Protein chains: 2
Amino acid sequence: MNTDTPVILRDTSLRDGLQSLARTVPTEVKRQWLRALFDAGLREVEVGSFVPARLLPQLADTAEIVATARELPGLVCSVLVPNVRGAQAAIDAGAAWMLLPLSASHAHSLANLRKTPDDAVAEVGRIRALRDAAGSRCGIEVGISTAFGCTIQGAVSEDEVVRLVAAVLDAGAERVGLADTVGYADPLQVARLFERCLAVAGDRLACGHFHDTRGLGLANTYAAWQAGISRFDGCVGGIGGCPHAPGASGNVATEDLAYLFASMGVPTGLDFKALMALRVRLGSWLEGEPLHGSIWRAGLPRTLAGATA
Amino acid sequence: MNTDTPVILRDTSLRDGLQSLARTVPTEVKRQWLRALFDAGLREVEVGSFVPARLLPQLADTAEIVATARELPGLVCSVLVPNVRGAQAAIDAGAAWMLLPLSASHAHSLANLRKTPDDAVAEVGRIRALRDAAGSRCGIEVGISTAFGCTIQGAVSEDEVVRLVAAVLDAGAERVGLADTVGYADPLQVARLFERCLAVAGDRLACGHFHDTRGLGLANTYAAWQAGISRFDGCVGGIGGCPHAPGASGNVATEDLAYLFASMGVPTGLDFKALMALRVRLGSWLEGEPLHGSIWRAGLPRTLAGATA
């Protein structure tokens, strides 16, 4: 727990946030959104997903958003890709990283990805071969979803998560992260599982993705940070919700993550005023959608006022 | 961090919660409220405050609520007392513990208690003498408020908090707790300050009192628990709010604390269904007042469903 080591916050509102909303946000608004994230200090952003437009029309303009992202100096742009076809699109678009979902819950994997976890591992291998054959420098990161439990299956074996982390790295992924997709994780479980996976993956275990569905998003983030993780996903405005719990929050809010780390004196490079201003704009772009998160209500403490995280 | 050691949650909604609301709840409703807390498994409850009724008419029936509490078998009933006069009332009423406020922030102490922190320490000594002279077994606990920062003063010196912890124990308090009265604390600060105070107070440092004003209530609770604390204050329904941040939550919700510990497998003896049912009743008793907290929205995870904390 070195408070001098910066923490990287990756905003995923343009993908994980928008994916779970029924509405489609105009491409021009997404561009403003992306630029506002950049202006608030974000240097890693997940901007969309290369899935068939008939499945997620909200994200059909992902290639255009990647193009905008590439114009912003120093911005590392990632996209979700579910298969080889999506990987080819990510390479063609020039994304810096592709994020491959793999569900540790067998039941969730079949329901959401229509393949078993081991089929998803095999797909990682095919995507790595494609990437290398293309001479592309697009990085490959696998996000292990439902790593802490599943609404369909219930408990998920920690041994299975550890096995899958090793398997995707063996198959050619360069980074792997653990995601609490449904908000089941608790801080002790987070500490234990991240420690076990770090023993297998070392610094290739490079992301914690937490949901605040039951109020433990920040406590779990703190536990993962204590274990040695220094990159976290969030959604500005806490958008995304939880499909299994209407009205409940989903992704932890990027501004809440920024506050957590700022309060501890850990640099993230983010600017609160800009994040708060973006939150207000989100409220108008997404009129009628609930925003979540905590720090926006009370604002920064006097002891931090005016600070940049 | 022994997960077999039970954590004691003390509900303070009838004092800290009601104190910050303008309305006065009828005594008979408070009795139902207290019994519902008891039925949900709470065995420590702060039921009111012995302050002049003209200052806090909401709490003018504290002696009657103490009398009700004494009829509930095994319930440990505490009351806030600001001075010797209040201590005499607590002894007369037969409360098990009196909680004495002392603000570590000099500015907050003058503004709220109209005395300096060291004057408050001297009052602890007078109250101890009174208690001993009366042959009473009423315990004396001091709550160090604004221990992590103050809306008036800003930063509060950790050395000063450690000094005051030692001073109140020297003056005759049997227990002491640290309170993040305004929601400024962060997990690292919590870990550091509790560890320093534990070195001075040992197991007489017996309570963490956190507010969720900026979303860190549960992360801070986790950090204090990691440091070795096993008693925490909460307010069912997260009532109490924050006078400095209208609309923001104040006291961490008792049911959120219960969920945090249940998720980690730490026993608290609380019953979620009963806490949720009480929350609904609170909504009608306090119609128009905002309730706060997180777990009520999504409910327990499937992996914990039906569980008693």
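Start in chain B: select B:His209 and then B:Asp233 in strand E8(B), its bridge partner. This is a predicted model, in which local features need pLDDT of at least 70, side-chain atom pairs count only at pLDDT 80 or more, and totals for chains, interfaces and linings use all residues. Residues are numbered from 1 along each chain as its sequence is written, while chains are lettered from A and ligands numbered from 1 in the order in which they are written.

**Stop 1**

Show strand E7 (residues 205–209) and strand E8 (residues 231–234) of chain B. They run parallel, joined by two bridges. Strands here are DSSP runs of E with at least two residues; helices are runs of H or I with at least four; both are numbered from the N terminus. Two strands pair if DSSP finds at least two bridges between them.

Now colour every strand from E1 to E8 in chain B. What do the eight strands close into? They form a barrel, in the order E1-E2-E3-E4-E5-E6-E7-E8, with parallel pairing. On average, neighbouring strands of this sheet are turned by 30 degrees against each other, direction ignored. Axes are lines fitted to C-alpha atoms, for helices over the stretch in contact, and angles run from 0 to 180 degrees between N-to-C directions.

**Stop 2: the barrel of chain A**

Switch to chain A. Its eight strands also make a closed barrel, E1-E2-E3-E4-E5-E6-E7-E8, paired in parallel.

Select strand E4 (residues 97–103) and strand E5 (residues 139–145) of chain A. How many bridges pair them? There are seven, in the parallel sense. For one pair, click A:Leu100; its partner in E5(A) is A:Val142.

**Stop 3**

Two packed helices are described by the angle between their axes and the distance between the axes.

Select helix H6 (residues 117–133) and helix H7 (residues 158–170) of chain A. Their axes are 8 Å apart, at an angle of about 25 degrees. H6(A) and H7(A) are therefore roughly parallel to each other; that label covers angles under 35 degrees, with over 145 roughly antiparallel, 65 to 115 roughly perpendicular and the rest oblique. H6(A) passes H7(A) in a right-handed crossing. A crossing is right-handed if the near helix is turned clockwise from the far one by less than a right angle, and left-handed if anticlockwise.

Show the side chains at this contact. H6(A) gives A:Pro117, A:Val121 and A:Val124, and H7(A) gives A:Leu164, A:Ala167 and A:Val168. Residues are in contact if their C-beta atoms, placed from the backbone, lie within 7 Å. By class, the contact of H6(A) with H7(A) has six nonpolar, no polar and no charged residues. Nonpolar means Ala, Val, Leu, Ile, Met, Phe, Trp, Tyr, Cys and Pro; charged means Asp, Glu, Lys and Arg; the others, Gly among them, are polar.

Move to helix H2 (residues 27–39) and helix H3 (residues 62–70) of chain A. Their axes come within 10 Å and cross at roughly 35 degrees. H2(A) passes H3(A) in a right-handed crossing. From H2(A), pick A:Thr27, A:Lys30, A:Arg31 and A:Leu34; they meet A:Glu64, A:Ile65, A:Thr68 and A:Ala69 of H3(A). This contact of H2(A) with H3(A) has three nonpolar, two polar and three charged residues.

**Stop 4: where the chains meet**

Show both chains. The contact takes 33 residues from chain A and 33 residues from chain B. On the chain A side, the elements that give two or more residues are helix H8 (187–201), helix H9 (217–227), helix H10 (254–263) and helix H12 (295–298). H10(A) provides the largest share of that side, four residues. The side of chain A that touches chain B has 17 nonpolar, 11 polar and five charged residues.

**Stop 5: the axis**

A rotation of 180 degrees with 0.0 Å of shift along its axis superposes chain A on chain B, with RMSD 0.0 Å. That is the relation of a two-fold axis. The superposition is by least squares on the C-alpha atoms of residues with pLDDT of at least 70 in both copies. Which C-alpha of chain A is nearest the axis? Click A:Ala219, 2.0 Å from it. The same surface serves both copies: 100% of the contact residues of chain A recur in chain B.

How values were computed: Contact = placed C-beta atoms within 7 Å.
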